[in-house]
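Work through the exercises below with the sequence and the 3D view side by side, and try each task before you read the solution that follows.

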Amino acid sequence: MIVRPGWYGWIVLSILLSPVAGQAGDEPGIHQMQVIGSHNSYHLAPHPNVPGILGARGKVVAKAIDYTHRPLVEQFSRLGIRQIELDVFADPEGGHYARPTARKILKSFHKDAGPDPDESGRLRQPGFKVFHIQDFDYLTTVPTLLEALRQVRAWSAGHPKHVPILVLLELKEEAIVGLPTRPRPFGKAELDAIDAEIRSVFQPGQFLSPDEVRGGHASLLEAIKSRGGWPSLDASRGKVIFALDNEGSLRDLYLADHPTLQGRALFVSVPPDHPAAAWMKRNDPIHEFDEIQSLVKAGFLVRTRADSDTREGRENDPTRRDRALASGAHFISTDFPEARPELSTYEVKLPGGVIARPNPVSGDPGPEAIDLEVRSSRNRMTRNANPNVIDRVR
């Protein structure tokens, strides 16, 4: 005889059979998280004498570039940073940026020129270089792109359950009035070389490529619409996402012959109706607030900025930061992942001190201070206000 449960039994049975929070059935997608990133993540503030060579204008510039980031590995481990930005210069022969003009000028006046950026000789070797501005703002924690990629990969390999890290590459080729060093241009060969350099460090399955996100769909846009967003966090932990910061002609050249980014390593920021649309940048969370929310609701990934030119930190103004957090942008970039007491208490962190929280626009908020960084389909997480401590309930 078959015994059918009463109404109470059906309720109990439905609870037992329903997906449990943290299991694969309700694991959020990448588009349902929010994390903090760093802007110009390699950057070291210039020696105090360097801005002085610009005269009165140098005082304004000095404030804008007066920020120093921890080494990349410390940003990941100590600050919970999950998005970094690297400015990349082509240097096919090597040595093009090894002797900045600011140092030459200061030495000619017998003034302290500060650290030699090429003390190790790495800038004289051929390959892509990482720093902010030629001749002037050149101090960096990672002089070469290859070194930066290796550091990211090594940290990722040692922390295989991290939520995806976005690595944003801005390719620099613009000449600046008053600075004699003209950057080497980026052509098709250089763009292909960027892809090759990424693949020399990250093997398939170690980074999330446009091909992987597209899957069997005709375009990235179709994949995002069909899936309702990006792949799940469960399927993407331990991986890195690469994106091109540049728009305009460099982006278009990168897309040439790759209209849906087939075979490419980088995602690009394009209009939301473009076949390659999946990730995009909207750097002004105040004036672009509504647009960011619309893009987030549509399943796209969005990067924005919480501050610019150190203004918010100096004025202790949280307005832009708070709009960025509320906008639902997935990657919120800042020069202040930790406060600088000599300026103010301003800093950019997620509520509760978590590393990755459910997206306030597209995610399921769930219990307060849930950290998606340490939640997987095999673990339910307790509330955790310390990103350096992982509390698991087995």
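**Exercise 1. Find the largest pocket, state what volume it has, and name the residues that lie nearest its centre.**

Step 1: The largest pocket has a volume of about 830 Å³. A pocket is an open set of points on a 1 Å grid over the protein atoms alone, with protein on both sides within 12 Å along at least five of seven lines, whereas a cavity is a set of points where a 1.4 Å probe fits but cannot get out, and lining residues have an atom within 4 Å of a point. Grid points are joined across faces, edges and corners, and the volume is the space filled by probe spheres set on the points.

Step 2: The lining of this pocket is made by 37 residues, and Ile65, His132, Ile133, Lys172 and Ile176 are those nearest its centre.

Step 3: At least two lining residues come from each of α3 (56-64), β2, α5, β4 and β8 (301-305). Helices (H or I, at least four residues) and strands (E, at least two) are DSSP runs, numbered from the N terminus.

Before going on, note that this is a predicted model, in which local features need pLDDT of at least 70 and side-chain atom pairs count only at pLDDT 80 or more, while totals for chains, interfaces and linings use all residues. Residues are numbered from 1 along each chain as its sequence is written, and side-chain values use heavy atoms, with hydrogens and water left out.

**Exercise 2. Work out in which order the 5 strands of the open sheet stand, and which of them are at the edges.**

Step 1: The order in this open sheet of 5 strands is β3-β2-β4-β5-β6, with mixed pairing. Edge positions belong to β3 (129-130) and β6 (267-268), which have a single partner strand each, so one side of each is left without a neighbour in the sheet. Two strands count as paired if DSSP finds at least two bridges between them.

Step 2: Strand β2 (residues 83-89) pairs with β3 in the antiparallel sense over 2 bridges, while 7 bridges join β2 to β4 in a parallel run.

Step 3: Helix α7 (residues 188-201) lies across β2, β4 (165-172) and β5 (240-244), and runs at about 150 degrees to β4. Such angles run from 0 to 180 degrees between the N-to-C directions of axes, which are lines fitted to C-alpha atoms, for helices over the stretch in contact, where contact means heavy atoms within 4.5 Å.

**Exercise 3. Is β2 enclosed or open to the outside?**

Step 1: Buried means under 20% relative accessible area, exposed over 50%, and partly exposed in between (1.4 Å probe, protein chains only).

Step 2: In β2, 7 of the 7 residues are buried, so the strand is largely enclosed by the rest of the structure. Gln83, Glu85, Asp87 and Phe89 point one way, and Ile84, Leu86 and Val88 point the other way.

**Exercise 4. Say which residues of helix α5 are buried, and what covers them.**

Step 1: Helix α5 (residues 101-108) has Thr101, Ala102, Arg103 and Leu106 as its buried residues.

Step 2: The cover over these buried residues includes α2 (49-52).

Step 3: After α5 comes His110, which has a positive phi near 60 degrees.
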